[in-house]
Amino acid sequence: MTLRRLVLWRHGETDYNAAGRMQGQLDSALTEVGWNQARFAAPMLARFTPDLVIASDLRRATDTATVLTEAFGVPLRIDKRLRETHLGEWQGLTADEVEARAPGERERWRHDATWAPPGGESRVEVADRAREVVGDLLRGTESVGTVLLAAHGGVILALTARLLGLPVSVWPALGGISNCHWVDLARREEGWRLSAYNAGMTG
């Protein structure tokens, strides 16, 4: 069985999300809301019948993933290439704090996928390392038809854009991914096709 579907699942709410801080690769923890979001979403994601879950090694993604894997008996693998974008000097700051330090640079970052915060990564760099995970699955001998990647909003956006072959100039047109929402990508002979974006339930 060859890889035919990818489901990209963002972690639940974290303490940094709740405080409005940019976490990047800081290892923030799920809030109780975040744990509940994962418990609520897991049965819906289990309907995709994933053969394997691969999670970022940051605990907010790993913890979210284990809610599904432990409840439904799905194998779990950890891969640091699915870590969130490294935000360099911006990690831990609020949007207002970034703006005060570097006026206009956060807006530039939002609209240019090739630009990176000081000491951090661009979205193009993030897409390249996350794409390696998918490449390994396609080249491998494992029988995995559907794989769920438990990761982060920036990683999911960048990887989706890369797999769909979108020009880098239009990547900023993709909206953000809400906590515990997902992207569904189906693989066809001609490439990847977007089946759902930022899907999930609210409440």
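Is R81 buried, partly exposed or exposed? I looked this up first in the predicted model. R81 has 22% relative accessibility, so I noted it as partly exposed.

**Entry: the partner of R81.** I found R81 in a salt bridge with D79, with the closest N and O atoms 2.8 Å apart. D79 counts as buried because its relative accessibility is 13%, and the cut-off for buried is under 20%.

**Entry: other salt bridges.** My search of the whole structure turned up 13 salt bridges. One of them pairs D184 with R5, with 3.0 Å between the closest N and O atoms. D184 sits in strand β5 and R5 in strand β1, 179 residues apart. I have D184 down as buried at 5% relative accessible area, and R5 as partly exposed at 24%.

I also looked at E97 and R21, which form a salt bridge with closest N and O atoms 3.0 Å apart. E97 is in helix α4 and R21 is in the loop between α1 and α2, so this pair ties together parts 76 residues apart in sequence. E97 is partly exposed at 31%, and R21 is partly exposed at 33%.

**Entry: α6 and α7.** Next I checked how these helices meet. Their axes come within 8 Å and cross at roughly 75°, which means α6 is roughly perpendicular to α7. Among the residues in contact are V126, A130 and V134 from α6, and V155, L159 and L163 from α7.

Conventions:
Residues numbered from 1 in each chain as written. Predicted model: local features only at pLDDT ≥ 70, side-chain atom pairs only at ≥ 80, totals over all residues. Heavy atoms only, no water. Axes fitted to C-alpha atoms, helices over the stretch in contact; angles between N-to-C directions. Helix = DSSP H or I, 4+ residues; strand = E, 2+ residues; numbered from the N terminus. Parallel < 35°, antiparallel > 145°, perpendicular 65-115°, else oblique. Contact = heavy atoms within 4.5 Å. Salt bridge = Lys/Arg side-chain N within 4 Å of Asp/Glu carboxyl O. Buried < 20%, exposed > 50% of the residue type's maximum accessible area, 1.4 Å probe, protein only.
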